[in-house]
Amino acid sequence: MKCSGAHLLTPIYLKLDDAMPWPEQERAFYVLSRDGLFLCRNTPFFRSCVPMGEFPSELAGQAPFMKLSYPRIPRRLMERVIGFFDLIGDRHASEAAVLIAWNRAANAIEIVVPDQVGLVGKTWSGKPYPIELEYEVPALPPHLALLGDIHSHVDGPAYASSMDRCDEVYRPGLHIVVGRILDEPPQIHCEATADGYRFSVRDLSLILEGYHRRRIDEVPPDWVAKVAVKPWSSTHQCDSPDKAGPASGAARTSPPSLGSGSSGPAPQAQDRADAAPKPEESAHGTRASSPPPCSCGPMPDDAPSPSQP
Ligand SMILES: [Zn+2]
């Protein structure tokens, strides 16, 4: 199929069929195929078809964007979730996670707490230290749609660790991290993903109704019962980031941001290199279900001792 027009100096052929006839009459043309874009030529001395890294400059530009229209998480529900993270952090020094679901029948946000195992190590001084959280995203009943997840970094900073980013490649939606749990309010960080691309959600009022104070006394006991804790072992498998899925690749290092009233990413996309936590802060990771596991972050200065059982 040929695409041409007054503004397109070189026609583009969409290759929809392996048997597409070669356009003998064209001196130069592009072919857009599943293998990429190719610049092709017919000259008196050769016929060529060469892969192109760049698209025709006559085409209009397009920047990635993600415009959120999620229902906002009710304030009291978020305060209960943070109460839950506080309780688990205080009781076990462990991270914890919940899933955000949309109840189509009730037209309301619902929190689902999956079975989860927190891995907790000990610093050289014997202080418990959260290392990692493992859980599977359960099959949800048909009336629940998964919107995203929230997990805690206990008293670590709120950010998306390398392991978080790998886990979330195949999970479109909201990914909220709660850190500095000893503070009130704690730190809250949110990124949204679609098709493996990450967007920083800087304006939390897009997704949260607000936050006043944590509600530890309103944490349902069945949430707490979903959390098991195991001591971290230095023999725990920690695979290479190279084993992450294909969509987890680079180029995702600077998520455009979603700000207030923005219909697209702010041009000053957050520079993750600048925003990245200091190495001594980046031991946390949350390992969720299906995606291939990623690397454990660098260990903190006051790291779990390698000799921990
Ligand atoms: Zn995390």
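How many residues lie between S8 and S9 in the hairpin that they form? In this predicted model, 5 residues separate the two strands of the hairpin, and Gly126 in the turn has a positive phi of about 90 degrees. Strand S8 spans residues 116-122 and strand S9 spans residues 128-135. The two strands run antiparallel and are joined by 7 bridges. Within this pairing, Gln116 stands opposite Tyr135 of S9.

Strand S8 also pairs with S14, here in the parallel sense and over 5 bridges. Gln116 takes part in this pairing as well, with Val227 of S14 as its bridge partner. Of the 7 residues of S8, 5 are buried, so the strand is largely enclosed by the rest of the structure.

The protein as a whole contains 4 helices and 16 strands. It has 309 residues, of which 30% count as buried. Among contacts with a separation of 6 or more, 64% are made by residues 24 or more positions apart.

Five of the strands, S1 to S5, belong to an open sheet with mixed pairing, in the order S1-S2-S3-S4-S5. Strand S1 (2-5) and strand S5 (47-51) stand at the edges of this sheet; each has a single partner strand, so one side of each is left without a neighbour in the sheet. From one strand to the next, the twist averages 25 degrees. Inside the sheet, strand S2 (residues 8-14) and strand S3 (residues 28-33) pair in the parallel sense, with 3 bridges. Tyr13 has Val31 of S3 as its bridge partner.

Helix H1 is formed by residues 75-92. Its 18 residues reach 26 Å from the first C-alpha to the last, close to the 26 Å expected at 1.5 Å a residue. The buried residues of H1 are Met78, Arg80, Val81, Ile82, Phe84, Phe85, Asp86, Ile88 and Gly89. They are covered by elements that include the strands S6 (97-103), S7 (108-112), S10 (144-152), S11 (173-179) and S14 (227-231), together with helix H3 (221-224). Just after the helix, Ala93 takes a positive phi of about 55 degrees.

The largest nonpolar core has 40 residues. Those that touch the most other members are Val81, Phe84, Phe85, Ala96, Val98, Ile150 and Val178. At least two core residues come from each of H1, S6, S8, S9, S11, strand S12 (187-194), strand S13 (197-201) and S14. Helix H1 supplies the largest share, with 6 residues. Leaving aside residues up to four places away in sequence, Val178 touches Ile82, Phe85, Ile150, Ser152, His153, Ala158, Pro186, Gln187 and Ile188.

Confidence in the model was also examined. The average pLDDT of the protein is 81, and 75% of the residues score at least 70. Over residues 237-254 the pLDDT stays under 50, and the model has 30 contacts beyond four places in sequence for this stretch. Residues 260-283 also have a pLDDT below 50, with 45 contacts in the model beyond near neighbours in sequence. Where pLDDT is low, the predicted coordinates should not be read in detail.

Terms used: Residues are numbered from 1 along each chain as its sequence is written. This is a predicted model: local features need pLDDT of at least 70, side-chain atom pairs count only at pLDDT 80 or more; totals for chains, interfaces and linings use all residues. A residue is buried if 20 or more other C-beta atoms lie within 10 Å of its own, exposed if 12 or fewer, and partly exposed in between; C-beta atoms are placed from the backbone. Two residues are in contact if their C-beta atoms, placed from the backbone, lie within 7 Å. The expected span of a helix is 1.5 Å times one less than its number of residues. Two strands pair if DSSP finds at least two bridges between them. Axes are lines fitted to C-alpha atoms, for helices over the stretch in contact, and angles run from 0 to 180 degrees between N-to-C directions. A nonpolar core is a set of buried Ala, Val, Leu, Ile, Met, Phe, Trp, Tyr and Cys residues joined through C-beta atoms within 7 Å. pLDDT is the predictor's confidence in each residue, from 0 to 100.
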